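Grab a pencil and have a go at these exercises. Each task comes with a solution worked out step by step.

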Amino acid sequence: MRPLVRWALVAAAAVALVTFPYWSAPWESTRFATTLLRDALVLAIFALSLDLLVGRAGMPSLGHAAFFGAGAYAAGIAGQRLATDQLPVTLGAAALVAALLALVIGVLVVRSEGIFFLMLTLALAQIVFAIAFQWTAVTGGSNGLSGVGRPMLATVDFSSPDLMYVLVAITFVAAALLVWGLARSPYGRALIGVRENERRMRALGYDTARLRLSAFVLAGTIAGIAGALSAYSTRFVSAQDAGLGNSVRAFVTVLVGGAGTLGGPIAGSALVSLIERVVPSLLPVELRISEAILGLVFIAFVLFARQGMVGLGRQTWLRVRSR
Amino acid sequence: MSLELVFQQALNGLSFGALLFILASGLSLVFGMMDVVNLAHGAFYMLGAYVALSVVQLTGSFWLAMLAAPLALALLGLVLEPLLLRRLRGRHLDQVLVTIGASLVIVDIIGQLWGREVRSLSAPPGLDGSVALIGGVYPVYRLFVIAFGVALAVAMSVVYRRTKIGMLIRAGVEDAEMLGALGVNTNRLFASTFATGAALAGLAGVIAAPVFGVQPGMDTDPGLLYSLVVVVVGGLGTLSGAVAGSLLVGPADTFGKVLFQDVALAVIFAIVALVLLLKPTGLLGRIRVTR
Amino acid sequence: MGGFAKNKLAEKRGYTYRLTRRQFLVASSAAALAACAPGAVTPSASSSAAPGKALKIGLLLPFSGVYAELGTSMRRATEFYLKQHDNKLANRPVTTIYADDANVTATGIAATQKFIDQDQVDVMMGVVPTPLAYGIRNAVHAAKLIFIDTNAGGNALTRDTTNCTPSCKSPYIFRASFSSYQISYPIGDYLSAKGTKEFFLAYANYGFGTESAADFTTGLKKNGGSTTGNVAPPLGNADFAPFVTQIKNQPTKNVYSFFSGADAIGFIKSWNSLGLPAAGYKMYGAGFLTEQDVLKEVKELANGAITSLFWAVELDNPENKKFVADFQKQYPLLPDVFTVQQYDGMRALDEALKALGGDTSDKDKFVKALEDVSFKSPRGDFTFDKTTHNPIQDIYIREVKTQNGQTVNTISDKIAKVTDPGK
């Protein structure tokens, strides 16, 4: 496919995605699909950021929700304490707080590897969760932070379902472009190099610790922005947003979709959202097999489609083309 | 804190540590032998507890449950290892991922079969009393748990160092390929190791039930979380690591939760973070050469 | 934008229905499934009165996670009530739509949005955890959806608060369960008035626990009582021995505790195995410490515990006796407090609908009808406080005793018509 054609298709898809609530209105009068897609896109941004670590840099983090939660709380608290709802301020606060937290945690974890890295990120994230859960004065504690303001840009109120969706969709497109650009850049290739053979990279003169730390902070910042969007979507922040369940959810999304690819986290978010939100509403609540379904899907992917859905898609495409 | 109080809390910490050791030993064994972090370990622990519930309900015997649960879990392990793990030999991360999937399925099945109510198991008659000790009475069962933990550690150590199977395991830990080349049936060895790890998790489910209870969510908390903490803190894959880990985490968590109440939720993770920051491969961990 | 959308096709065809085809399919399959579930009754065919339009009730309950037991109980209560009433409330056949929040707040918020946007339910019920109730409050209020909370007891949900933090009341939100104040303050007041003034506190370190302990302390202080310290294990704590050991090593023998479910079981077992009863320590608490789910596991270990709640299985009034007997004819177990909460919620809805003649089109009239309900529930007289929409109910002081081979809460006293202060 000629690059220009491919670009045009991608651009068209992006425009269609961002304007979804408007062209879908005739058959989607209840806004249910819009909110579903919005939440799936928030998850996709979160998963894209984790994929930077897990897929590209080879850093399996089980504590990524700490930054998601930090961003969510920062947006909500900044809005309330600074008595402003302007997005540049609150999203800026979310990005800043998440980045700082990622810096602090990153410095501590960056020299670990494998299972130790996993456990260390898990442990430090659980400490963040514990703080969110117990520090009632600041975060609302176990009862959560309610009264998250309306996202405003100058005089435009983004809190309506359609505009909130547009905000999320635009952020998603931006995040996807960023990750795509990074992957092709020398920086992205250096990250892959660190994942494949750190010793050699060091011998080549790269400061591998700094590379990994920068990836960690970047991933944390994007996760923080996803968290802020989530806070504005539901107008509420729960301590669970920073919890282990959320970290595992993102991890599963990345792996099922296909780690290290652009389409992977996106496909994974679609599938996970489908299983979490659509399947339960179709099945009688007694059967309640969404957890077991997720588990079986997971096993199946690992056993038969290790590259995730994107890999499976690629294989099928190749097979089809070679006919 | 008075000296009496310190002594009582020390006993609490030790018995808690003993439970942690019994819980973590299986995970440590499987990792040491097969380089697999079995994230279904918590689900095995949970299944052991629920099997014990049924056995006690049917027969009234806690001791029978202590035999039945490990047996049932061993069977499950013997089925799962060839089914899920064997074809992923060498793909360590994938083996970990597949165990996550297995855990989700097992926990859901437990909910379907046994329901989602909160249950409990009592200590067996004979062990359910309390004895007079410094500072008042102390439950006999917790003293039993300490004794059992010690006995298990000793038994595992003896098997590990003094028997042929232990030698095979030690050799497998060092170099499984070479072992295979030398004519040992590594498939059978790995399957039995995984089965033993599962059996130990099931045993922990029974023994810990009178203290930790039997309820939905127990696979993660305390099951998997605490086993991971002990194994990683102690140093992956070695028996002495699991012992060291439980001896540290047990008392540290007990005292920490009580002294730093407001952050009690975070104490155990603070311990992990502290240890890993000071000794990145755990207390007694060796740096492994990745093949 | 959002909220109740119009079904243009239906309008064009002149239907008064607002269901789209997709919604109809979902609703009818839910109804069909409800018919297949044990204890339910096939809707519509048996009604001989003028059939009203189906009333859609959205129930947000936990069917997985640590509170799954409560969700099952409350679903059973719903089916029990509907079965007793021919699957109708007033003249409206009922369609129930269940959603599982799995004790994850984000899931519950999404499910609520689905109730509002897609299912377009007429009434919402359920919600077990308080954070979830706080999380959906604004969405429910904005959508003007009548929500009858049948468990979550966070005080703020039915109060006036500054900046609506952590939450605040709404005209559309009613509570058929309790406020944590109601099960904590009165017993503090009662005990201190009777002369037991010094207490040590033991409570689970989360919203519900801290709120209960605080309200109890306020009740104590009213009569010059005080607390001498506390232990606060984390929610879901595994080993209670360290905390109970702390209790045993301090001199105050009266201990007010707030734990529920698995925590309560662990706490009570530790309390006994460490010899606290023999050493003269007395256990007091909010009712959930010794509710059915706990007593069936700890049995006589809980004997002597004194707790306060708005109901007990043993409560001796004609409504409760009939309720328990009828329930046991249908199901092989005793009803628990969660059953009662949901059952009363259904009853309140039923009474309001009767007063409205089944017409739920006017929101303000619906709210007024709910505010005006008054009936005899298994717990005693039931009304909503017109200002806060929290129930005005009797609080019973109960003591755990084993009689006839069963360990139950026996009623020893009553504090009549307790209202939540609302601020």
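**Exercise 1.** In what order do the six strands of the open sheet in chain C run?

Solution. The order is β2-β3-β1-β4-β5-β6, and the pairing is mixed. Strands here are DSSP runs of E with at least two residues, helices are runs of H or I with at least four, and both are numbered from the N terminus. Two strands pair if DSSP finds at least two bridges between them. Next, look at the edges: β2 (88–89) and β6 (173–175) of chain C each have a single partner strand, so one side of each has no neighbour in the sheet. Now zoom in on β6(C): it pairs with strand β5 (residues 146–149) of chain C in the parallel sense, over three bridges. Phe174(C) in β6(C) is the bridge partner of Ile148(C).

A quick note before you go on: this is a predicted model, where local features need pLDDT of at least 70, side-chain atom pairs count only at pLDDT 80 or more, and totals for chains, interfaces and linings use all residues. Residues are numbered from 1 along each chain as its sequence is written, while chains are lettered from A and ligands numbered from 1 in the order in which they are written.

**Exercise 2.** Work out which residues chain B brings to its contact with chain A.

Solution. Chain B gives 28 residues and chain A gives 26, with contact meaning C-beta atoms, placed from the backbone, within 7 Å. On the chain B side, α4 (92–114), α9 (219–234) and α11 (264–278) each supply at least two residues. The most come from α4(B), with 10 residues.

Note on methods:
Two residues are in contact if their C-beta atoms, placed from the backbone, lie within 7 Å.
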